[in-house]
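Reader: I have just opened this model. Please take me through the terms used for it, one by one.

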Amino acid sequence: MKKLKILLPVDGSKSSLNAAKYVAKLAKDLQSKCTVTLISVHDDIGLGHVKEFVSSSVIDDYLREVSEKELRGAQKVLAAAGVKHSMVIKRGNVATEIITLANKEKSDMIVMGSKGRSGILDTVMGSIAQKVSSNAKQPVLLVK
């Protein structure tokens, strides 16, 4: 049996942590016949006004820190379950970056939270989940 390649987008939300727990259980059930890639994507469009005053390296460092913080919970869940995983940090349109990486890595499926962090971002992440599930070639599993 070939290894199942799973792409797991995370944003630090409860929903994305639940997705990580689901993937950990799935990997355990499959007796580790799967590989997991965690991805954190930040759309930097909202930082446009800041770019006038701050160097791009400062913005890069800030987004990397935020991404690493968001990835930590999912990393812990997967590590505790003994699931090997890699991590990717990207900048750009969130749904597009997720789909692009899924295609580039020939992922078999994408598992992601159905809702984002909180408040207005719920709507944003929800729409990201919607865009990914509508446009990805791979099956997309949304976890509450």
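**Terms and values**

Author: Start with Asn93, whose side chain reaches the backbone nitrogen of Ala95 at 3.3 Å. This is a predicted model: local features need pLDDT of at least 70, side-chain atom pairs count only at pLDDT 80 or more, and totals for chains, interfaces and linings use all residues. Residues are numbered from 1 along each chain as its sequence is written, and side-chain values use heavy atoms, with hydrogens and water left out.

Reader: Is Asn93 buried or exposed, or in between?

Author: Buried means under 20% relative accessible area, exposed over 50%, partly exposed in between (1.4 Å probe, protein chains only). Asn93 has 38%, so it is called partly exposed.

Reader: Where is Asn93, and what does Asn93 touch?

Author: Asn93 sits in the loop between strand 3 and helix 3. Helices (H or I, at least four residues) and strands (E, at least two) are DSSP runs, numbered from the N terminus. Not counting residues up to four places away in sequence, Asn93 touches Val41 and Asp43. Contact means heavy atoms within 4.5 Å. Asp43 is 50 residues from Asn93 along the chain, yet their C-alpha atoms are separated by 5.4 Å.

Reader: Why is Ser13 called buried?

Author: Its relative accessible area is 4%, so Ser13 falls under the 20% limit. Ser13 lies in the loop between strand 1 and helix 1. A polar atom of its side chain lies 3.1 Å from the backbone nitrogen of Ser16.

Reader: How do you know that helix 1 has the expected span?

Author: The expected span is 1.5 Å times one less than the number of residues. Helix 1 has 16 residues, and 22 Å is expected. From first C-alpha to last, helix 1 reaches 23 Å, close to that value. Gln31 follows helix 1 and has a positive phi, near 55°.

Reader: Which residues of helix 1 are buried, and what covers them?

Author: They are Ser15, Ser16, Ala19, Ala20, Val23, Ala24, Leu26 and Ala27. The cover includes strand 1, strand 2, helix 2, strand 4 and strand 5.

Reader: What makes a group of residues a nonpolar core?

Author: It is a set of buried Ala, Val, Leu, Ile, Met, Phe, Trp, Tyr and Cys residues joined through side-chain atoms within 4.5 Å. The largest here has 20 residues; Ile6, Leu8, Val23, Val36, Leu38, Leu78 and Val111 touch the most other members. Helix 1 gives the largest share, six residues. A second, separate core of 16 residues includes Leu7, Ala95, Leu101 and Val132.

Reader: How do you know that strand 1 and strand 2 pair?

Author: Two strands pair if DSSP finds at least two bridges between them. Six bridges join strand 1 to strand 2, so the two strands pair, and they run parallel. Leu7, for one, has Thr37 in strand 2 as its bridge partner.

Reader: Why are strand 3 and strand 5 called edges of the sheet?

Author: The open sheet has five strands in the order 3-2-1-4-5, with parallel pairing. Strand 3 and strand 5 each have a single partner strand, so one side of each is left without a neighbour in the sheet.

Note on methods. A polar contact is a pair of N or O atoms within 3.5 Å; within protein, one must be able to donate a hydrogen and the other to accept it, and residues adjacent in sequence count only if both atoms are side-chain atoms.
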